[in-house]
Amino acid sequence: MPPRPPAWLVLADGRVFEGVGVGAPGHTTGEVVFNTSMMGYQEALTDPSYRGQILTMTYPLQGNYGTNGFSDESAELQVRGFVVREMTDLPSHWQSTDTLSAFLERRGIPGIAEVDTRAITRHLRSRGVVMGTITRDETPAQALARLHSEPDYAALDYVTEVSTKSAYDFEDLGTPLGGSPDGAPAPHVVVLDLGVKRNIMRLLRERGCTITAVPHTTDAETILSMKPDGVLISPGPGDPMLLDHVLSTTRGLIGRTPIMGICLGHQVIGRVFGASTYKLKFGHRGANHPVRDEVTGRVYMTAQNHGFAVDGDHLDADARVSQLHINDGTVEGLAHATEPVFTIQYHSEASPGPNDTEFLFDRFLANVRAGEPSRRG
Amino acid sequence: MRDANDTCIIICNMENLDPMGVHTGDSIVVAPSQTLSDRDHQMLRNSALKIIRALGIEGGCNVQFALAPRPDVVAWDGSDDATCLPYHVIEVNPRVSRSSALASKATGYPIARVAAKIAIGKSLHEIQNSVTERTTAAFEPALDYTVVKIPRWPFDKFAAGDRHLGTQMKATGEVMAIDRTFEGALQKAIRSLEFGQRSILWESPDWGDHPPLDATDERIWALIASLRRGRTPMEIAHDCGVDPWFLERFARIVAMERRLLAEDLTPTLLCAAKRLGFADRDIATLADRLPEQVRALRDEWGIRPAYKMVDTCAAEFDAVTPYFYSTYEEENEALPNLDRERMLVVGSGPIRIGQGIEFDYCSVRAARALQDAGVMSILANSNPETASTDFDTSDRLYFEPLDEESVRDLLENEAGGGEAPPSIVQFGGQTAVNMAGPLHAAALPIAGSSADTIDLAEDRGRFEAILSSLDIPQPPGAGVRTLEDAFTTAAAIRYPVLVRPSYVLGGRAMEVVHDESELRRYFGAALAEGTGAVLIDKYLDGPEVEVDAICDGNAVLIPGIMEHIERAGVHSGDSMAVYPPQRLTAEQRDAIIDYTTRMALALGVRGLMNVQFVIAPSAQPDGPGVFVIEVNPRSSRTVPFLSKVTGVPMVQLAVNIMLGKSLKDQGYEGGLWPERDLVAVKAPVFSMAKLIGVDTFLGPEMKSTGEVMGIDHTFDAAVRKAMIASDLEVRPGTPVLLSLARQTKDEATPLVHLLHAAGCPLYATEGTAAMIRGLGIPVTEVTKILEGHPNVVDVIRDGSVGAVINTIEGGRAEVRRDGFHIRRNATEMRIPCFTSLDTARAAIEALAAPDDYSVQPLIEYRDGMTS
């Protein structure tokens with residue numbers, strides 16, 4: 001194995017970490033964030049919510065079980081760059097078909113290894129997330145100058161990049177269509193794709209739904225013309241303040257079909273409910289985030305990946321905060337008082353992460369099945 | 001963990017390096033799991049949560065799984081889901097377990113503390129995470145490091161024991177190490193084992209081209225040795241079932257060995273070796289330098305460990321708990337607190353025979369005493385099973401190997417470029433006290449007794465000179481190198497003599513030798529093992545007495561004297577000890593106080609000291625007959641026992657002396673602390689049933705793995721309690737098998753009468769039966785093993801007898817003879833087996849005493865209250 005070339009992670013505040021290049025050559029720029037999951041790198045790398053970001057994994061050994069053909073959460077490798085303490089080229093797993101480094105290289109994503117990821121995490125924790133660049137073809141000073149000339153994370157519309165360009169029916173041969181009770185026709189769920197993860201659609205399909213994913217620009221009337229039994233507004237990257245068009249779509253759907261909102265979908269619905277949104281200092285990214293259901297008092301471990309959050313203080317009277325983050329009180333779920341609309345800030349579809357809240361898809365399906373039969377046409 | 005509100009969380013997932021079939025307690029364990037994908041992990045996680053819910057557990061639970069690593073390993077037709085492999089639940093412990101202790105230390109999540117709070121009705125989210133102080137117990141720890149646990153097995157003590165590992169756990173303790181690389185954690189864990197001088201480079205001289213890969217305590221070395229011989233990780237994985245991921249990691253270690261052997265040592269190479277956990281000592285061996293030269297190069301090139309915090313959250317939150325491990329990386333988080341007076345307490349490492357949990361008691365007490373005195377306590381230890389490695393025991397915890405390199409590194413870190421804080425080396429057993437020399441040589445300060453004091457007590461020649469100048473008697477003896485000298489010395493001091501190698505290598509133990517033929521046999525074997533000189537001391541046949549003392553340089557406080565029930569020749573750790581002594585004369589007691597006081601002052605002890613005496617009036621007709629056998633310039637395993645029964649806070653007094661306070665300042669005077677009106681008996685506990693092939697007879701080599709205490713107002717009641725607690729109780733009417741050595745038969749006569757009087761039917765082997773019949777007492781004679789049935793082993797195995805008294809010829813056991821089988825079978829049937837007439841007599845006399853022991857809190861016995 002040839003020695004890996006020197007590489008640098010340069011942050012916009014001037015801090016430089018020296019390591020070795022892994023993955024694709026060249027340089028890359030993004031918002032540097034960290035994730036504390038100890039497993040699930042392939043799912044994270046292909047999660048559209050990481051679009052525009054350089055992902056740092058806090059667990060030091062990455063690539064242990066290689067990569068495989070079925071753990072991608074979207075068609076692309078979504079992160080802009082990958083930062084690890086140690087990247088192994090000697091994976092051991094029966095399903096592994098490629099090393100993590102080759103996986104990155106094949107998809108053109110640069111990475112850096114042999115850096116003190118804990119120091120990076122501590123830096124981000126104390127000063128907040130920051131733009132950064134991974135480079136191996138410049139000096140750190142050149143990279144910093146280039147970084148300062150490049151657009152900030154907040155300035156870019158990532159939803160357009162990751163959303164489907166045209167509507168499609170989700171067919172996944174690996175996930176057999178679940179049966180419906182009493183031989184009822186399969187419910188039809190429209191997924192408003194702001195950057196959907198495949199596992200959301202797989203879990204719906206397992207529950208017997210037929211699924212149509214539509215572009216983020218699709219308006220309410222178009223969606224309703226598809227005669228959905230329910231609409232899921234998906235997770236996705238970036239600032240919910242950029243999504244006024246999705247807000248108006250959502251307004252047009254509430255009261256006319258059951259809705260579940262996840263992550264960015266939750267933030268959009270939060271805005272529809274009158275709330276504002278704000279950027280967290282360093283976000284929530286990991287598989288161990290405790291969320292309390294305000295009704296039952298039960299606490300669930302959740303997978304999270306978000307940099308923005310809903311401010312629950314100014315919600316409309318017919319909406320309420322249903323779930324809160326135990327650690328910092330972040331709004332983690334919303335519910336409408338009368339309509340079958342609920343949201344979660346976290347990822348009940350997991351992948352990666354705990355499956356503790358997968359039952360929320362059953363709750364959504366219960367709403368879907370309770371809907372008027374006439375809506376199914 | 002699960003609370004009453006049905007919130008369930010997983011604290012830690014750990015992977016055994018050894019494939020299924022080796023007890024988890026005997027497996028090398030890694031946290032977090034290394035070879036599982038998220039999908040694999042979630043499958044097992046979901047299963048564990050289902051189990052804890054189905055069982056309705058509120059608190060902690062431990063679930064062990066076996067997961068097929070590949071589809072071809074287990075034929076499976078359970079599901080059409082081709083993305084997951086079959087797994088089986090091996091075991092569920094609906095309680096906090098040994099693994100929970102490891103998980104707590106590996107993650108920083110205090111499982112027992114949280115389980116206790118759940119037990120009083122708290123919900124997980126209502127319990128504060130005391131590591132971050134800003135999050136709650138309702139979360140799953142995120143690790144940003146790798147943890148390796150290696151068991152500590154007793155095969156250094158039991159060379160004859162079967163080293164194969166299986167479903168019966170054999171380890172006595174364990175070590176844990178943390179690093180940001182797996183290799184680093186593994187190598188630090190190996191350094192922490194203190195198993196002889198074994199480093200990662202060790203190989204057995206018996207291994208040829210194919211080191212044995214079966215599951216033994218030596219497998220980790222055999223795996224690496226196989227890689228050195230050119231076998232590939234995949235081949236080895238195929239042969240032994242260890243996951244190839246681990247073998248690839250070992251291969252990286254072997255590749256680095258080759259580089260260190262072949263290349264010039266450069267900053268880049270040295271740094272890479274340190275990142276892979278190579279000790280300076282091993283780098284020195286490979287790169288042909290001295291360890292100190294490697295250290296000097298590291299200094300010159302600025303290659304020093306950084307210390308990272310175990311914070312439960314992978315740095316997501318600012319944590320307040322100063323729990324650190326070393327790694328070779330950029331950012332050091334353990335910045336020294338130079339504004340405060342600080343002291344390092346060096347811990348005692350893994351629990352092993354001879355160095356048990358008693359020393360952790362001392363380390364914990366020392367840390368608390370420092371805190372009480374307003375001094376910042378820093379603790380270093382490598383043992384995850386202990387209270388000393390709880391993050392709230394000290395002000396700062398370093399989870400590190402207790403070897404010269406790691407202790408010097410952390411002291412240099414604490415020095416912050418200035419003066420390092422003093423180290424306390426007298427509480428962590430021999431592990432810590434052995435650090436005195438190297439620390440002194442590195443000009444690092446030692447609190448309490450100096451390195452020279454320690455050397456004075458441990459160097460035979462210097463110690464003899466001091467005793468002789470103080471006119472304090474020792475059993476006569478000498479060190480010899482030839483058989484002729486041995487015969488001459490033994491003849492001069494007269495048999496029996498106690499012999500031992502001057503350096504203990506392998507399993508060669510101390511023995512009591514009765515004549516020239518035995519001496520010839522011992523000497524030949526010892527020389528064949530290359531042990532150098534053999535030490536020969538007069539064996540004085542009398543009771544042993546032990547004291548712990550505290551010295552401030554002017555006064556010497558003796559909190560108590562302990563008398564052993566077994567005569568000299570049985571290791572003090574395997575003896576039953578009684579406080580206060582029952583058989584000493586006033587003259588002997590005064591001599592013990594006088595000798596102890598004068599020795600402590602002459603040696604320059606500051607802090608604790610332990611002395612062992614033998615009482616042999618016949619050997620000194622014109623004096624008290626008190627002889628010094630051994631002085632340990634450190635706390636001993638009896639310090640917790642004596643502290644508890646006397647109420648004297650021994651460790652605290654010793655720590656305060658190190659901080660400059662005299663005994664008088666602390667309200668204590670020299671001399672013997674007034675004896676309490678109670679009797680306390682400390683009895684050893686053995687794990688022999690689990691160690692196949694190990695002989696159980698008591699001798700000069702320690703074998704016990706734990707101890708119990710019985711306390712009451714009378715001797716017999718205290719002994720009874722100790723016997724019950726150590727599973728040695730003999731009830732009236734219990735049939736007893738006797739097989740006695742020739743020399744002990746006369747002495748056993750009163751014992752036989754006692755047994756008969758207590759209604760115990762007697763069984764005996766031929767010679768012993770004749771002796772019993774001669775006393776006019778009925779006896780059932782049983783034959784030897786090869787002489788038909790029912791023989792001695794049959795009556796043990798079929799339950800005919802409920803206790804065994806078996807003494808051995810010459811105080812020495814020959815493996816595989818009848819006596820060995822008698823003792824092994826008794827042990828395996830878990831019935832009392834006495835190999836010392838002294839222990840047997842105490843047990844039988846206690847049996848004869850009426851059933852009137854009392855039950856009171858310790859403090860009431862101590863303060864003289866009666867119920």
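This is a predicted model: local features need pLDDT of at least 70, side-chain atom pairs count only at pLDDT 80 or more; totals for chains, interfaces and linings use all residues.
Q: Okay, domains. Into which domains is chain A divided?

A: Domain 1 (6-155) and domain 2 (159-372), with bounds that come from an automatic or database domain assignment. Their centres, taken over C-alpha atoms, sit 27 Å apart. Across the boundary, 24 residues of domain 1 of chain A are in contact with 25 residues of domain 2 of chain A (contact means that C-beta atoms, placed from the backbone, lie within 7 Å).

Q: Which element gives the most to the domain 1 side?

A: That's E3(A), with three residues. Strand E3 (28-35), helix H1 (41-45) and helix H3 (117-127) of chain A each supply at least two. Helices (H or I, at least four residues) and strands (E, at least two) are DSSP runs, numbered from the N terminus.

Q: And how many residues of chain A touch chain B?

A: On the chain A side 38 residues are in contact with 45 of chain B. H3(A) gives the most to that side, with five residues. By class, the chain A side has 17 nonpolar, twelve polar and nine charged residues. Here Ala, Val, Leu, Ile, Met, Phe, Trp, Tyr, Cys and Pro count as nonpolar, Asp, Glu, Lys and Arg as charged, and the others, Gly among them, as polar.

Q: How do I read a sheet? In what order do the seven strands of the chain A barrel come?

A: In chain A, the seven strands close into a barrel in the order E1-E2-E8-E6-E4-E3-E9, with mixed pairing. For two strands to pair, DSSP must find at least two bridges between them. Take strand E6 (residues 81-83) and strand E8 (residues 110-113) of chain A, which pair in the parallel sense over two bridges. Phe82(A) stands opposite Gly111(A) in E8(A).

Q: Is strand E21 of chain B enclosed or open?

A: Largely enclosed by the rest of the structure, because eight of the nine residues of E21 (residues 607-615) of chain B are buried. Buried means 20 or more other C-beta atoms within 10 Å of a residue's own, with C-beta atoms placed from the backbone. E21(B) pairs in the antiparallel sense with strand E18 (residues 543-551) of chain B over eight bridges, and also with strand E22 (residues 626-632) of chain B over six bridges. Ala549(B) stands opposite Met609(B) in E21(B), and Phe613(B) stands opposite Val628(B) in E22(B).

Q: Last one: at what angle do helices H15 and H16 of chain B pack?

A: Two packed helices are described by the angle between their axes and the distance between the axes. Here helix H15 (residues 451-458) and helix H16 (residues 460-470) of chain B pack at about 85 degrees, with axes 5 Å apart. Axes are lines fitted to C-alpha atoms, for helices over the stretch in contact, and angles run from 0 to 180 degrees between N-to-C directions. H15(B) and H16(B) are therefore roughly perpendicular to each other (65 to 115 degrees counts as that). Asp455(B), Leu456(B) and Ala457(B) in H15(B) meet Arg462(B), Phe463(B) and Ile466(B) in H16(B).

Note on methods. Residues are numbered from 1 along each chain as its sequence is written. Chains are lettered from A and ligands numbered from 1 in the order in which they are written. Two residues are in contact if their C-beta atoms, placed from the backbone, lie within 7 Å. Angles under 35 degrees count as roughly parallel, over 145 as roughly antiparallel, 65 to 115 as roughly perpendicular and the rest as oblique. A residue is buried if 20 or more other C-beta atoms lie within 10 Å of its own, exposed if 12 or fewer, and partly exposed in between; C-beta atoms are placed from the backbone.
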